[in-house]
Amino acid sequence: MTQTARSLDRIFRAESGPVLATLIRILGDFQLAEDALQDAFTAALETWSKDGLPASPGAWLTTTARRKAVDRLRHLRIVEARRSELALSIRLDQEAHGSQDELEVSPVPEDQLRLIFTCCHLALSRGAQVALTVRTLGGLSIAEIARAFLVNEATVAQRVARAKQKIARAHIPYEIPDRDSLAPRLDAVLSVLYLVFNEGYLATSRGPLVRGDLVADALRLARGLSALLPDEPEPMGLLALMLLHDSRREARVSDEGDLVLLDDQDRTKWKRPQIEEGAQLVEKALRMGRPGPYQIQGAIAAVHAEAATAADTDWRQIAVLYNQLLRYERTPVIELNRAVAVSFAESPVEALRLLEGVERAGALEHYAPFHLARADMFRRLARSDEARESYRRALQFASNDQVRRFIERRLNGADVESRAKGLV
Amino acid sequence: MKYALLIYAAERDWAQKSKEEQGRIYNEYMAYSVELKKSGKLLSCEPLDPTSTATTIRVRNGKTVPTDGPFAETKEQLGGIYVVDVKDLNEAMAWASKIPDARTGSIEIRPLMNVPEM
């Protein structure tokens, strides 16, 4: 790619979400909006490399795409009724803005909110919500989405096409939900954004490029969402949670590509400004007096981030926060995390007692971190045989090479420890 | 006496037919509809959009749980239909969740197909 092509590609990527969001509102049709935007990109490639960048690329693209949409409408083979419906939609928009055809239209931030609520509509499956969100708002290509989520391209393409078709034919509205229905709708949006973030943040085995894109997209969208819904504490909590996790990105993988546990991370590699921003956002959100799961998880991440060393971690505070979190989501994984906090705040004995129920239910039997946590508790209690047994089970269920190497190191360590004891 | 005539057919078979074949069947449906209408016995007829546009609503413990896709279990049977004219899918979902059987059974929402008047 040439220098110009690269910088144009960057601009297209940044502008595509906002421009598309506004185009869908003006045109009232997903597919027409996407096609018109592609036309506008093609026109931009030609015009911009000749005349240079316009003052506002976003407005240029939106205006051009709208004109291209009118052209397309003339030639499109669609039912006449649909053609006049779409034409009406464009005319109404022009009248609303008191403009003739050529007046510039700029992307409206609120349209992005409309788009994200539409993409994450409850009548779409989670897979469709995620694919559609990163495709339309993140500007990721079908191929990139397929790589990032380890699904084949045909499946992603079909999922996106079907979702767009359903939005059009089942009349999923293009609007921001009203107060009465906001809570469940917002939950879906937050889940999708967090899933996109985690996909980028946790998957260490995939190409760094796409991973970084997912994290950046999730952060950008969460930032936009909390700016557009300033009275809602949960989007702010989610943004804080993402910032705090992402602040540790450099420290959580060693130079050899191994996963480094929180305890062993080089804390000088943590991004301080990001931690400060995250911590401030958590406080601001919690002051609104409507706590929720993302705010609480953000608060937990903030407590970890603010400890100068692993030993300084305020585990008592973290245990309290996990207890609160369990009130919203009683899942075995959160119970496990609470037990880990309790193991440091009180004792490993108390933590192992808390895990008895989880162990009996067997829900985490195939979850390596469960065995890993118990192994660590046994190790600290010098119960070497049980520790080794738990490390072995963790090894059996570890899906990731880095985690497996980590366990093997510990297993060797535990063996050394018990052999050393045997000598005494 | 009033009856509902419910049409079951494999969507996949339809999609695999040629344009000509689809046109022929479409015309056959139109002719049948006109015949029925002229006989004065037709109350209403509504072709539906494919199941890929369907949403299924269940209300459990007072919470509305939508699912993307058609009703898929076989232990429940079709017990009746409502045809509603509402603003959008949100409003259709709200009405669906108020149907008493939504609390124990399932309500499938399907858009009516947009076809020219007979």
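This is a predicted model: local features need pLDDT of at least 70, side-chain atom pairs count only at pLDDT 80 or more; totals for chains, interfaces and linings use all residues.
Strand 1 of chain B has another partner. Residues 55–60, which make up strand 1, pair with strand 2, residues 63–68, again in the antiparallel sense, and here there are 6 bridges. One position to look at is T56(B), which stands opposite T67(B) of strand 2. Strands 1 and 2 of chain B form a hairpin with 2 residues between the strands, and in that hairpin N61(B) has a positive phi, near 50 degrees.

Now the contact between the chains. On the chain A side there are 13 residues, and they meet 11 residues of chain B. Which element gives the largest share of the chain A side? That is helix 8 of chain A, residues 153–169, with 4 residues. By residue class, the side of chain A that touches chain B has 7 nonpolar, 3 polar and 3 charged residues.

Last, the core. The largest nonpolar core contains 113 residues. Among those with the most contacts inside it are L23(A), A33(A), A36(A), I116(A) and A240(A). L193(A) and A218(A) are also in that group. And what does L193(A) touch, leaving out residues up to four places away in sequence? Its contacts are A218(A), L221(A), A222(A) and L238(A).

Definitions and conventions:
Residues are numbered from 1 along each chain as its sequence is written. Chains are lettered from A and ligands numbered from 1 in the order in which they are written. A nonpolar core is a set of buried Ala, Val, Leu, Ile, Met, Phe, Trp, Tyr and Cys residues joined through C-beta atoms within 7 Å. A residue is buried if 20 or more other C-beta atoms lie within 10 Å of its own, exposed if 12 or fewer, and partly exposed in between; C-beta atoms are placed from the backbone. Two residues are in contact if their C-beta atoms, placed from the backbone, lie within 7 Å. Ala, Val, Leu, Ile, Met, Phe, Trp, Tyr, Cys and Pro count as nonpolar, Asp, Glu, Lys and Arg as charged, and the others, Gly among them, as polar. Two strands pair if DSSP finds at least two bridges between them.
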